Amino acid sequence: MATSRTAQHRQRALALMTDHPLIDSHVDLPYVMRALTKKPVETVKQIAGTFPGDVDVPRMRAGKVGGLFMSVWIPCGPGTDFLAPSHDVRDALEEIDMIQLLMKESDFQAARSAADVRAAFKAGKFATLIGVEGGHMLGNSLSVLRIWAQLAFASSAGSGGPMTAVHPGNGLSKLGEALIGEMNRLGIMVDISHVSDETMRQAIKLSKAPVIFSHSNARAECDHPRNVPDDVLEMIGSGEGKNRGVVQCVFYPAFTDPVKPTLERVADHLEYMAGKCGKAHVGIASDFGRSSCHVQPRADRVDGMEHGVEGLEDASKYPDLIAEMLARGWTDEEVIGLMGGNLLRVMDEVDEVQLALAGEEASAEVYEERTDIPAVKGAWADYLPDAVRRYLTQNEEK
Amino acid sequence: MSPAQSYTGMLLGILFLVSSVWAVSAGQAEYHVPDPRHLSKAKDLLQQFQLIDTHVDTPQVFRVMSRQPHDMIETMATGFPGHFDIPRAREGGVGGVFFTVWSPCQDQIGVDVGPDFLNPDDTVRDVLEQFDLINGIVEQNNQTFSLATTAEEMEHAFSEGKIGVMMGMEGSHMLGNSLATMRVYASLGVRYLTLTHVCHSAFASSAGGGAGTDGSALKPVHAGNGLTDFGRALVLELNRLGVMVDLSHVTPQTMHDVLDITRSPVLFSHSATRALYDHPRNIPDSVLERIGSKPGQNLGVIHSILTDLFMGPGNATIDTVVDHVEYIAHKCGKAHVGLGSDFDGMPSTVKGIDGDEDWPKLIAEFVRRGWTDDEIHGLVSGNLRRVMRENEQVKRTLVADLPSRAIYEKRTDLPAPNWGGPSGAYLPPKVRELVFHRRHDEL
């Protein structure tokens with residue numbers, strides 16, 4: 001579809017973006033910082049200037065972004081029992097450290113709640129939130145999730161795991177069900193981008209709070225397994241029995257169009273999803289940095305060739321997408337919701353669920369396949385008080 | 001009565017008095033059973049002055065005892081078979097504790113991290129589970145416990161009639177060879193890092209000799225058997241973060257290397273002296289001479305341990321502990337002593353102490369030996385709180401310092417261009433260019 005947006009639409013877009021935050025729910029900067037240098041912390045100060053890739057402060061200012069979710073991502077490991085030791089948790093902490101340092105830079109301000117985002121926006125800073133892309137970084141432990149909550153995580157993806165079926169029904173495992181409950185209790189948004197269709201359905205049914213698709217498009221517009229099928233989109237909305245979550249469209253070429261991914265095609269996805277869920281249930285994610293465990297590189301792509309959605313190549317281009325939605329007849333109010341109002345509402349509702357669950361105890365559940373707890377091997381037992389040793393022996397004899 | 005008879009009478013009287021004061025325990029160790037007046041005075045002092053125990057290992061024992069460690073938390077209130085629980089802590093006048101975040105040295109649980117400490121393992125994940133467990137212990141007992149991260153918060157807890165809880169991390173083998181994890185641990189509340197447990201790490205050298213070993217010193221792996229360069233970066237970063245550097249468990253050379261560069265007063269969270277008992281883990285005189293209030297000395301504090309293994313297994317008593325404290329006081333000054341029990345991290349305590357309830361018996365011995373109220377105040381937490389404040393002050397003076405960029409030189413996983421997918425397909429074009437040009441240059 002050829003564009004009908006004009007310079008006037010763009011001006012209106014800029015005006016709206018001056019007064020209302022656009023929140024990009026998925027920016028993959030941390031892993032790019034790690035790819036570039038042996039000492040990733042050195043790149044933190046460089047983001048304020050021209051930085052290789054799609055995102056840096058000058059382009060974010062030009063693009064009038066109001067806030068962003070920095071994605072903590074490390075590659076998926078092999079294996080289907082998920083028990084092999086790895087550096088995953090350590091690497092995730094290193095990314096968290098980098099993001100925490102970035103949040104202290106003058107252009108950025110840490111945020112966890114909708115109120116925090118608004119405060120940062122008012123102060124002229126980029127509201128910075130943290131999202132974790134993949135439950136594989138949890139080390140199979142609900143304790144780790146609780147620590148992420150303490151480190152002020154606003155959302156956690158259900159899974160960046162392998163696509164092959166590893167759980168009966170290819171949905172949530174037993175630990176996964178406990179995970180959803182715990183995320184609701186902690187006020188962490190359940191992110192069901194990347195997960196299998198069945199996991200999407202189960203998570204939506206189980207979650208007591210609105211969910212988020214942090215970066216997904218519509219499968220009906222672009223047939224990719226990563227995109228959201230119609231029956232799942234129909235579970236999201238304002239109607240009776242629906243989950244009041246948000247679906248954030250994404251600028252990722254392979255999920256946008258197999259032949260010609262353009263800004264207009266992204267707008268098509270937005271319109272389609274808004275058609276299914278309602279305009280109060282959509283938002284925007286760039287996936288700048290381009291991270292995904294599932295995407296196969298396009299065979300026709302050549303090194304050095306421009307890749308990225310045409311028209312949305314970097315952080316300076318957001319106003320063009322907003323202009324396009326205005327050109328397609330979206331009202332100011334609808335656009336304000338699309339840019340960030342809908343997501344902020346979801347964040348508030350997720351926090352309300354957290355409050356409502358305040359009396360609930362933390363889940364003591366442990367991944368059933370683990371054999372390392374109780375921790376009786378070697379040194380764990382060497383330091384036991386004699387009285388405890390006697391107590392344990394007595395109880396064994398019972 | 002003749003002078004000879006009255007003299008004999010006096011002798012007999014003295015002998016009788018002395019023997020009624022000395023108790024002979026089941027073993028050969030003897031210790032002063034406290035005079036009721038001294039005990040009463042001790043209890044009064046503990047009401048007035050906050051006793052902060054810098055080393056209590058109870059959380060790790062929960063993990064040994066149950067598949068779902070959080071299920072053990074209730075025993076903190078109902079009664080725990082080890083050394084520490086709330087009823088006994090209250091009875092013993094405990095005003096504050098450092099619970100330790102600990103996971104064993106990998107070689108002690110059959111995990112081989114390799115000569116460069118690089119092989120992956122579950123330690124960092126297990127460490128986060130221990131943080132979570134301590135949070136749970138505090139939350140579920142929040143009528144008694146109050147989580148603190150500063151001296152002032154500890155004092156505030158005490159003023160409200162609660163027990164202040166802080167966290168100390170016992171061993172740099174838990175850092176995953178990364179200063180970034182240390183920054184995250186600090187943001188989770190850790191306020192001291194013991195540089196090693198009983199194994200060497202990428203940062204420092206350990207004295208070894210823990211429970212279950214033959215007590216001999218570890219064979220060195222680092223040149224000089226002290227800090228590595230990466231360890232030096234860690235110490236400076238700990239100063240910047242306001243996290244106390246704890247020198248229990250490390251080799252004397254590590255102690256000296258730290259004292260050479262640290263900008264903050266140090267802590268020994270649970271130690272004994274080598275002059276009184278020769279164990280590789282104990283502090284030699286050459287190190288004690290560097291701690292004190294004189295010019296050129298480090299203003300740190302040395303907390304004495306209650307583990308009999310390091311002071312004479314089977315023989316050590318309450319008196320032995322006080323002997324070690326007095327030795328340190330003699331060498332460094334009474335402003336540089338404190339108490340760190342090692343409760344629930346040792347098979348057996350010294351004779352006379354069964355657990356938290358027995359602190360008054362220990363303090364009574366200090367009273368008996370003539371320590372003033374002020375000196376006892378310093379001993380039980382005044383000295384520690386001063387050291388904590390000084391560490392916090394150094395953190396403030398270093399506020400303009402950048403976080404350390406240092407990376408363990410033996411890592412091969414950074415930079416991580418292979419994270420960019422096949423041929424860097426996920427990377428933005430400019431980034432891919434930079435990454436692949438660099439590779440080309442390196443070839």
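Into which domains is chain B divided? Chain B splits into domain 1 (34-411) and domain 2 (413-443). These bounds come from an automatic or database domain assignment. The C-alpha centres of domain 1 of chain B and domain 2 of chain B are 44 Å apart.

This is a predicted model, in which local features need pLDDT of at least 70 and side-chain atom pairs count only at pLDDT 80 or more, while totals for chains, interfaces and linings use all residues. Residues are numbered from 1 along each chain as its sequence is written, chains are lettered from A and ligands numbered from 1 in the order in which they are written, and side-chain values use heavy atoms, with hydrogens and water left out.

## The interface of chains A and B

The size of an interface is often given as the accessible area lost when the parts come together. Here chain A and chain B bury about 6,700 Å² between them. Of that area, 62% is on carbon and sulfur atoms. Buried area is the accessible area (1.4 Å probe) that two parts lose on being put together, summed over both. On the chain A side, A:Lys38, A:Trp380 and A:Tyr383 lose the most area to chain B. Together they make up 14% of what that side buries.

The contact (heavy atoms within 4.5 Å) takes 76 residues from chain A and 81 residues from chain B. Across this interface the rule finds 23 residue pairs in polar contact, both residues at pLDDT 80 or more. A polar contact is a pair of N or O atoms within 3.5 Å; within protein, one must be able to donate a hydrogen and the other to accept it, and residues adjacent in sequence count only if both atoms are side-chain atoms.

Several helices of chain A each supply at least two residues of the side that touches chain B, among them α2 (29-36), α6 (142-150) and α15 (386-397). The largest share, 9 residues, comes from α4(A). Helices (H or I, at least four residues) and strands (E, at least two) are DSSP runs, numbered from the N terminus. By class, this side of chain A has 39 nonpolar, 14 polar and 23 charged residues. Ala, Val, Leu, Ile, Met, Phe, Trp, Tyr, Cys and Pro count as nonpolar, Asp, Glu, Lys and Arg as charged, and the others, Gly among them, as polar.

## Salt bridges

Side chains of opposite charge can pair when their charged atoms come close. A salt bridge is a side-chain nitrogen of Lys or Arg within 4 Å of a carboxyl oxygen of Asp or Glu. The structure holds 68 salt bridges over all chains. Across the interface of chain A and chain B there are 8.

| Pair | N to O distance |
|---|---|
| A:Asp97 and B:Arg183 | 2.8 Å |
| A:Arg10 and A:Asp320 | 2.6 Å |
| A:Lys317 and A:Glu313 | 3.9 Å |
| B:Arg290 and B:Asp260 | 2.7 Å |

The salt bridge of A:Arg10 and A:Asp320 links distant parts of the chain: A:Arg10 is in helix α1 (residues 7-19) and A:Asp320 in helix α12 (residues 318-327), 310 residues apart. A:Arg10 is partly exposed at 30% relative accessibility. A:Asp320 is buried at 16%. Buried means under 20% relative accessible area, exposed over 50%, partly exposed in between (1.4 Å probe, protein chains only).

A:Lys317 is partly exposed at 26%, and A:Glu313 is partly exposed at 23%.

In chain B, B:Arg290 pairs with B:Asp260. B:Arg290 lies in the loop between α11 (285-288) and β10 (301-304), and B:Asp260 in helix α10 (residues 252-261), so the pair ties together parts 30 residues apart in sequence. B:Arg290 is partly exposed at 25%, whereas B:Asp260 is exposed at 52%.
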